[in-house]
Amino acid sequence: MSFIEFSGVTKIYKTGQTECRAADGVSFRVEKGELCVVVGSSGAGKTTILNMLGGMDSVTDGTVTVDGREVSRFDRRQLTAYRRHDVGFVFQFYNLVQNLTACENVELASQICKNPKDAAQTLKLVGLAGKEGSFPSQLSGGEQQRVAIARALAKSPKLLLCDEPTGALDYKTGKAILRLLYDTCKNEGVTVIIITHNSALKPMADRVITVKSGRVESMTTNPHPTPIEEIEW
Amino acid sequence: MKYIRLIFREIKSSKARFFAIAAIFALGVGFYSGLGSTMPVMKKSMDSYADSYNLYDIKLLSEYGFEGSDLDSILSVENVANAVPSKSADVLTDGTALRLMSLTDGINGVRLLEGRMPQNPGECVLGRNKMSGNLAQIGETITLSDENDKDTLSMFKTRSFTVVGIAESPVFPSVQRGAASVGQGALHHYAYIAESDFDTDYYTEVYAVLDGAENLQLYTQEYEELAMNAADALENSPLAGVQLERVRAKAQTELEKARAEYESEKSDALKELSDAKRELDDAKAELDSANERISDGERDLERGKAELEQARYESESMLEAAQRELEEKSSQYESGKAELDKTYAYLLSVYGKDAADAQTVSARAQLEAAKTALDAGRAELDVSRERAERELNAALAEIAENESELASARAEYQSGLQKYQSGLEEYNAQSQKAEAELADAEAELESAQADIDALEPPEIYVTTLKDNYGVNAFSQDAQRIDNIARVFPIIFFVVAALVCLTTMTRMIDEQRTKIGTLSALGYGRGAIAAQYLSYSCIAAVFGGIIGILLGNTAIPVVIFNTYKILYSLPNVVLTVDFPKALLAFGASLVLTVAVTLWAALDSLRAPAAQLMRPAAPKSGKKVILERVGFLWRRMSFTSKVTCRNILRYKKRFFMTVLGIGGCCALLLTGFGLKDSISGMIPRQYGKIQNFDMTVYLSDDNDEARAAVYDNSDDCIFVQSTSSDAKSGSENLECYIFVPEKPERLSEYISFHERKSGKAVEFPGYGQAVIAEKLSSRLNIGVGDKISVKRTEGDYVELTVSGITENYIYNYVYMSPKTYEDMFEKPPEYNQAYVKAADPKTAGENMSVNDDVVSVMNSQDMMDSFSDVFDSLNGVVWLLIVSACLLNFVVLYNLTNINIGERVREIATIKVLGFYPRETDAYIYRENIVLTAVGTALGLWLGVFLHRFVISAAEIDMIMFTRNINVLSFIMSAVLTFVFSALVNFFMHFKLTRISMTESLKSIE
């Protein structure tokens, strides 16, 4: 059994009379320790997939299984616990609490999970040694995203979900962040899902899932991913 | 058109925000204009009551009473439209004071509540008593008790009245009915009876209404001027002179009558005396003549007796002589017979018989004739003797009769004489007495004449409605509400402005991009600002209208209804105080505009391009606390976060703290007001004054003192007279208090400072101890001078030697010596403070004395004061409830904004796996801390606000306690927290509704 299994997952949003099929029978699987890129254009349904995978939204139909547990059947509380202990999130806009220092932002996550990593250690890991006491506004975008990654990693998650992690970053910084994510995946053994509209990232992934109009268009695996530095876009 | 649609769409999409602004302005405007219109509503209601029942404007009392003819003089005074005389008397029934009044036609209408009006003699309609209950029910009888003095009872034709109706009279709008002339001093009940049930020929008072008074509102200056002018005119009218002339003429006529009577009685008496004298003299003459007659009789009797003796002697001797002659003749006859017999015997023997016979015939015949003569003589003698004897006996009897007759005549004379003598004595006594009596009567007449000559014009007491206890008290109560109304709404407005400011700031922040877009599209700053101005002004106007509508109906009605406990007013007459309402309205609009512009200023100044970009998030900062390393290190992570977050948005921090603080201060003020009001009574009558009753004396004399001494366990006499105290430009009504025995005063009144409790010494010579209110109002302390009015315009200066805790009336205490020297007259002790185990009985016993004007039971005073202030408590509760309301609106709104600003943050921590409770706590912790800080600030501010409100709400004669109970602090804090918790509870749902997908959205 794969680490992540989506089978026939459908998500229908209802707004008044209109029905919107954001996901329409999505099925795919991701193995443990893989770096998976979900790629698709705007509105293709990748964020919906992320929401369901991350336990932020329920499914209308189908099953989502993570590490042998059927997430799609979790109740609200179980979902919260799942997010708390199993999933780490990296947002496009970092979503750091402005009022907390880098270290404190990491602690915000680590203080609530079972076996957290040391916050300062994690910051060092993401290359932010010496910036522990800085506030987000004192950090560059890349640094902020590093803090976000550190925050996600500090929880020792099984799964790292990244929503357009480079979306708000310049080319160079974006690459550095992707490198960090890749390294994290390989060194820590964390399954990393990167959601992006940038198809250029496909070569760096172990597995690429292409989404279009709420369906999985294709799923391919890269036995030999290209190092990030070699990818240009 | 599109523009307006835009605004309305904006309102539709942000209902909570719109209604928050509207609600806060509704509260502010509603409170300001509602509380502000309460006094006008109360006064107008009283005015309408007075008008619809034709309540008098002027009441006249005269020492001489009134007669029907006096009305002409009263009606001739300018502005007097109508005048109706009335009879009344205070009587005791079952130990309570009842005023019986005659029904007056056309003035002082009676509002019948049940039953009917009196139609027959001996019926009455009884005034309702809401406090202690009606004196009797319909159908029951009220009987004037025997305790009433005879003069009072003689004023009525009957002593019992059947209650046929229950009514209320505008003359007694308050449950406190003022003073009574009987019983323990307070009037409790009143009843109206037919005038014909009074047995007096004079009226006790006259009620008058004035021209134009109906069109003027009671309590207005115009009305009071009208009334005062009329009162002056009446006082200066010839009424007193007319009454004097009338009374004098009447008295003179009566005196003349009395004099005539005296004269006739005098002459009668004199005539009687002289008659008696003559009678006595006659009797004396008669007696004398009787005495003479008796003496004559006696003399005659003696003579008769002697004559009789003579006659008896004569007749006896005559009879004896006749006896002797007879016996001689008898013996002659015997011897003749014997001779004859012898001769015959011879002859016979000699001559025979014939011859003898013949021979002896002549002799025999002779003898026979002699014998016959003898017998006849004998018989004659017997008859003579018998007749003599009979005659003698008759004479004797006559004499005896005369004798007894004389004796009885004598006895009669003697008794007659005795009678005469006693009669004479009596006459002498009577005549002396009559003389004295006449002299007395004469003197009496003389003095009566002198009295009449000395008659002075009667004192005419002209009072206006201002002197009516209930009518005046009502306006004072209304004034008190108004004093509070001046202070409270200001806080509401401040809070409203704060709420509006934060809300609009948030709104404009949220719509930054939109502003940028509009700006980029070429809309001018004015147009953009106008949109927000319109939004907030529509909210303010909407709230203002609702506030005015609700505030002007609900608040006056609620307050009016609480006062209905104390006053009997039929209906509330709502009136909108338009200037106040418009002022509130205008103030709210100005505030809104100012606040919105201020909030919008930053965004409007920024160039469009900058606005299109997301605002740079407010950067985090180290807080001061972090510099205190040992403390910061010890804080848990969450408290560090809370601490940072609180201090991050300083503006919001101050808004929230001020908002919560304001509400908490309001709560504390409300509770504190209640404490101050209700706490004053037990302190005044427990801690300060320590006696059971106050006795008011009209004159300080031995009998009055005896009446007080005899009925009390212990007492002291004091002088307490109304005066005026001033210092600089401030002045305040006060009472000059002079105890007769200063050394004993401490047993009755405790002199101590309020805060420290330190005892205050009785003032020395030239010094005075003053009540605290005097000190605070006149702004004088120990060692300063206080000026006390001696006579009009003439003040004396005393040195303040101490300030003592006191709440009711403003006393200036001084020694008798100081008073006597400063005021140039000895003190007149007109009150007695009395300790008595049974004040009720003691009071009744003392009241018997004429110089005991009234007796006030301390317990009764406590009760009546408590009644008054209990009604104020209703108002306090209204304030507390609205403070709670305000508290809720403020907290809800601010928390709402807080959450609105941090949706992204909250969504993020939810994504991070915070449980709902942890998410709530993340926000609530801040709320709780802010509430705590706000509460602390509020409790601190509340003390000052309370002090301010207290000084505004209290009337001159009274000082409320400045103390706020610990419980009130606790209650205010707890209530603030309860509302905070309540708001948190509501916010929980809002927090749950925040979607985690918000975290994925780009920053707008």
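Modeller: Two axes with an angle under 35 degrees between them count as roughly parallel, and those with an angle over 145 as roughly antiparallel. Keep in mind, too, that this is a predicted model.

Colleague: Thanks! Are H3(A) and H5(A) roughly parallel or roughly antiparallel to each other?

Modeller: Let's start with the angle. Helix H3 of chain A, residues 102-110, and helix H5 of chain A, residues 141-153, pack at about 30°, with their axes 8 Å apart. Angles under 35 degrees fall in the parallel class, so H3(A) and H5(A) are roughly parallel.

Colleague: And which residues of H5(A) make that contact?

Modeller: On the H3(A) side, the contact uses Ala102(A), Asn105(A), Val106(A), Leu108(A) and Ala109(A). By class, the contact has six nonpolar, one polar and one charged residues. From H5(A) come Val147(A), Ala150(A) and Arg151(A).

Colleague: Let's look at whole chains. What percentage of chain B's residues count as buried?

Modeller: Chain B comes to 23 helices and 20 strands, while chain A has six helices and 10 strands. In chain A, buried residues make up 52% of its 233 residues. Chain B has 1004 residues, and the buried part of them is 38%.

Colleague: How much of the contact set in chain B joins residues 24 or more positions apart?

Modeller: Here we count contacts with a separation of 6 or more. In chain A, 69% of such contacts join residues at least 24 apart. In chain B, the share is 84%.

Colleague: Finally, which element gives the largest share of the side of chain B that touches chain A?

Modeller: The contact takes 24 residues from chain B and 24 residues from chain A. By class, chain B's side has 10 nonpolar, eight polar and six charged residues. Two elements give two or more residues to that side: helix H14 (637-648) and helix H21 (903-911) of chain B. The largest share, five residues, comes from H14(B).

Note on methods
Residues are numbered from 1 along each chain as its sequence is written. Chains are lettered from A and ligands numbered from 1 in the order in which they are written. This is a predicted model: local features need pLDDT of at least 70, side-chain atom pairs count only at pLDDT 80 or more; totals for chains, interfaces and linings use all residues. Axes are lines fitted to C-alpha atoms, for helices over the stretch in contact, and angles run from 0 to 180 degrees between N-to-C directions. Helices (H or I, at least four residues) and strands (E, at least two) are DSSP runs, numbered from the N terminus. Angles under 35 degrees count as roughly parallel, over 145 as roughly antiparallel, 65 to 115 as roughly perpendicular and the rest as oblique. Two residues are in contact if their C-beta atoms, placed from the backbone, lie within 7 Å. Ala, Val, Leu, Ile, Met, Phe, Trp, Tyr, Cys and Pro count as nonpolar, Asp, Glu, Lys and Arg as charged, and the others, Gly among them, as polar. A residue is buried if 20 or more other C-beta atoms lie within 10 Å of its own, exposed if 12 or fewer, and partly exposed in between; C-beta atoms are placed from the backbone.
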